[in-house]
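Please read them with the structure open.

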Amino acid sequence: MLGITGGKVFDPINGIDGRLMDIWIKDGKVVPEEMIDKSEAQIIDASGKVVMPGGVDIHSHIAGAKVNSGRKMCPEDSLRLLRPRSQITRSGSGLTVPSTHLTGYLYSEMGYTTVMEAAAAPLVARHTHEELEDIPNIDKGVFITMGNNHFIMKCIRDGELGKAKDYVAWLVGAAKGFAIKIVNPGGVENWKYGKNVQNLDDEVIGFGVTPRQILTTLGQINKDLKLPHPLHIHGLRLGQAGNVDITIETMELMNEFNGHFCHVQFMSYGGERGSLPQSASKKIAQAINEKSGVSVDVGQIVFGPATTMTSDGPAQFSLHQRIGGKWINDDLESESGGGLAPLTFKRNNPLHGTMWLTGLEIFLLVDDPWKVFLTTDHPNAGPFLGYPQVIRLLMDRDYRTREFERLHTKAKKNALLPELKREYTLYEIAIITRGGPARRLGLKNKGHLGIGADADLTVYLPDDDKEEMFSHPAWVVKDGEIVVKDGHLVREQPGRTMYVSPNYDPQIEEDIKAHFKESYTISFENYSIRSEHMGPNEKISCD
Amino acid sequence: MSRIIEDVICKFCGCLCDDIAVETEDDHIVKIKRACPNGRSMFLDYDSSFSKPLVNGREVEWDEAITAAADILDKADSPLIYGLSSTSSESQRKAVELADHLGAVIDSTSSVCHFPTSQALQAVGEATCTLGEVKNRADLLIYWGCNPLVSHIRHFSRYSANAKGMLLPNGRKDRTVVVVDVRPTATSKVADIFLQIKPETDYEILSSLRALVHGKKPEYCIDGVNIEQLEQLAAMLKNCRYGVIFFGMGLTMSTGRSYNVTELFTLVAELNKFNRFSAMPMRGHGNVAGADQVLTWLSGYPTAVSFACGIPQIGPGEFTSVDMLAGKEIDAAFIIASNPAVHFPHAAASHLKKIPTIHMAPVSNGFTGDADVILPTACYGIDAPGTSYRMDNVPLRLRSVLKKKRPTDEEVLIQIIKAVKKC
């Protein structure tokens, strides 16, 4: 039993904006005060402090084949952050691609308690789950890539949408995924012929279907299956000048189905194709503001080292062609692909400055904070450890202006940012880092502190320097246990992996078996992941 | 009672063929279907019966053996944990936890096979794919310094040269097979083109191919090949649809080592400007790829990791087992699921005989007799389930077909971790 008393609570899901309140915790849940025997409860005196639900990250690459390839490829990243073992914790290394235990410690020390791994191909999801089990102190889930899946594209080609629906339901359950992810629909398949897609009506080689059909089919299926999270979309032409138009076109297409558009900063550039990208923040923000079914996370650039990694193989290849250096590509049979390239974002680089501006402007121009969430698309735009700095940039206009002045002259020219006076409030920060992502993920027990919520919360020491405040919370509670005390990690405990397993017509398995014989190199019987082979896990219902 | 278990995974080599049928009778394996000779004998020769652990040649109960093992590890100033390539990733994870706690050096058999491949990956990255992409797309296959018809017997039929796939409905007829090696092999005999090269010329040939691919003609000669042969090969590399180069220890463990593989990876990366191209190491043991993966996600590094300073550090030539043993820098060794007696050079193997050692494996091998503590465990994929990573890093869950009569590596490691924490 635990009481967090006298703190100033920011709990946007319950409409609480800085009210002085006591929070009571029993058996890992938030409970009413009368259920607590105060003579036995441990009390955290939070008077003068700020209390928020534990942070929820809607999009971060923390585990699995791609992340581990990043660790393997970049021993130099290990030297950027080294953590010795202690009495209670394991050793670890890595800043942009930290080792698994260290990932858990770092998120925990930053006040985060739930993190979604942004992508795994189902064929290698078993690897992702092994790593997730080795990330302590946070709950997690994984999005399953389906935008280039052969079975789905065949169903679309043959007009068998019911079959596609049963297959998707089977697949997300077989991979123990939490949501459906689309990455460059059709483009990753075309990359296996050295090509890509540029428009929604381009053809996917060998299937005769289009990105538009893949998006709407999966959008409809996502809706029909009542998955907790809407379709998680990484669209076409990531990182290319002028891509804002295709992003808006895709938002218009997906609005009726609901869609979450991830790392939208990378998808919101103006300028002629082939030229240097410009910020199209105004245009994209307007589209987001107008469309009720659309949410985004930003993928804000943080200057310094990054490791770019995505299932978007062709995007990684063109980045590699532009910047040179190391490059990994991995084509995955019948399902997906991916690539990686290390990259450092430099303040004095005009393009990087423009990307930094684009992200901040989107944050400041989207009116409704429930539609825009804080991410750095870790580690693509920078490590998640940059979140406190981004929070300061959003809350402190003077600091923002000073940082703006340090950019390259070319990036500053005609920039919109200096005109934007908005400063985020603590309540709004609580929305974009907790309430908003939790609600959009459909996690009813996360991101708030109402009765019955998971007892995940963070206590901050107020500070005018918001970066300092959000870097070093005083207390962090996970599942009712104190994991950070006086700013120090004091406890390592396993987190849960959340997954969905929607119902499907078992007849479909015969079709899938035939597909496996034809296309795969492993048998159907050895494909599905069983929950008893995972670490602690929780099935989230679809209703 | 007899029963047939289908879709069993064979973990003998990195192919992890998952279509094996195993027939058992009264908890004995009596018949194997579809496995290659290597896999067949692994299953048929396996003895799952209970046997007690040994301490200094004396049969003891498990508790005593665990205490003896923990005692050796706790007393050591510089312990080594080595092997890992034939155990499950669940056990590998526990082995790393133990190493981290002890401040030990941990190293897998990658140390003596494909560590140079990891070093090349650290230098330039790697363009690769899963075996299904090879089966479905690859019209040009090159086997360099490897002999899969002997080492990975079903590789040809399941995944590569002879497999029928999406864009290759006629299998072998639709593909061109090239072998590059220093001597004729079983594999070179079935190739369309065999480029026999002189030992120690791999690097020069690979850089010449890079030059030729970019339209430049090298002005030097390479012993043993003529430039027309290389021009022909370079043209094939550029003109195929989807090419794959498989490579083995002929490239990684011969002169040049990681430089050879770096040159190969660079060539393959550059070929992606013309068409699509991938490279893939022929990983030997069933879960050696998993050892690299597990060590990487837990420490940041794939092989030869020292926790001696409290943080993970990598050191090729420094923390590699052979170098540490030959330099007499190790004072106790815990060998897991491998046989260093046959793979290590004399100086390293003889130091192993002088220090206290623990051997944990399901089957005794040439090293077992030398160990002070012998821990006979169950065999993943036969009498214990567990996860294993195929040579293309696709993870599979191994099935068990017999009743388990000995503890698993993972179970023993958990007990040893508990015991050393008490020390």
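1. α5(A) passes α6(A) in a left-handed crossing; left-handed here says that the near helix is turned anticlockwise from the far one by less than a right angle, and right-handed that it is turned clockwise. Helices (H or I, at least four residues) and strands (E, at least two) are DSSP runs, numbered from the N terminus. This is a predicted model, in which local features need pLDDT of at least 70 and side-chain atom pairs count only at pLDDT 80 or more, while totals for chains, interfaces and linings use all residues. Residues are numbered from 1 along each chain as its sequence is written, and chains are lettered from A and ligands numbered from 1 in the order in which they are written.

2. The axes of α5(A) and α6(A) cross at roughly 165° and come within 8 Å. Axes are lines fitted to C-alpha atoms, for helices over the stretch in contact, and angles run from 0 to 180 degrees between N-to-C directions. The two helices are therefore roughly antiparallel (angles over 145 degrees; under 35 is roughly parallel, 65 to 115 roughly perpendicular, and the rest oblique).

3. On the α5(A) side, Phe151(A), Ile152(A), Cys155(A) and Ile156(A) meet Leu161(A), Lys163(A), Ala164(A), Tyr167(A) and Val168(A) of α6(A). Contact requires C-beta atoms, placed from the backbone, within 7 Å. By class this contact has eight nonpolar, no polar and one charged residues (Ala, Val, Leu, Ile, Met, Phe, Trp, Tyr, Cys and Pro are nonpolar; Asp, Glu, Lys and Arg are charged; the others, Gly among them, are polar).

4. Within α5 (residues 150-157) of chain A, the residues Phe151(A), Ile152(A), Met153(A), Cys155(A) and Ile156(A) are buried. A residue is buried if 20 or more other C-beta atoms lie within 10 Å of its own, exposed if 12 or fewer, and partly exposed in between, with C-beta atoms placed from the backbone. The buried residues of α5(A) pack against α6 (161-174), α8 (211-224) and α18 (508-519) of chain A. Just after α5(A), Gly159(A) has a positive phi of about 65°.

5. Backbone geometry has a few entries to check. His378(A) and Pro379(A) are joined by a cis peptide bond, with omega about -5°; Pro379(A) sits in the loop between β20 (372-373) and α13 (387-395) of chain A. In chain B, Asn393(B) is not a glycine, yet has a positive phi of about 70°. Asn393(B) is in the loop between β19 (386-389) and β20 (395-398) and counts as buried, with 22 C-beta neighbours inside 10 Å.

6. Arg257(B), also not a glycine, has a positive phi of about 35°. Its loop runs between α11 (249-252) and α12 of chain B, and Arg257(B) is partly exposed, with 19 other C-beta atoms within 10 Å. In α12(B), 10 of the 14 residues are buried, so the helix is largely enclosed by the rest of the structure.

7. In chain B, the axes of α3 (residues 89-102) and α17 (residues 409-422) come within 8 Å and cross at roughly 15°, which makes α3(B) roughly parallel to α17(B). Their crossing is left-handed. The contact residues divide into eight nonpolar, two polar and six charged.

8. Between the chains, 44 residues of chain A are in contact with 50 residues of chain B. On the chain A side, α1 (65-73), α2 (75-78), α4 (125-133) and β18 (327-331) each supply at least two residues. That side has 14 nonpolar, 16 polar and 14 charged residues.

Note on methods:
Contact = placed C-beta atoms within 7 Å.
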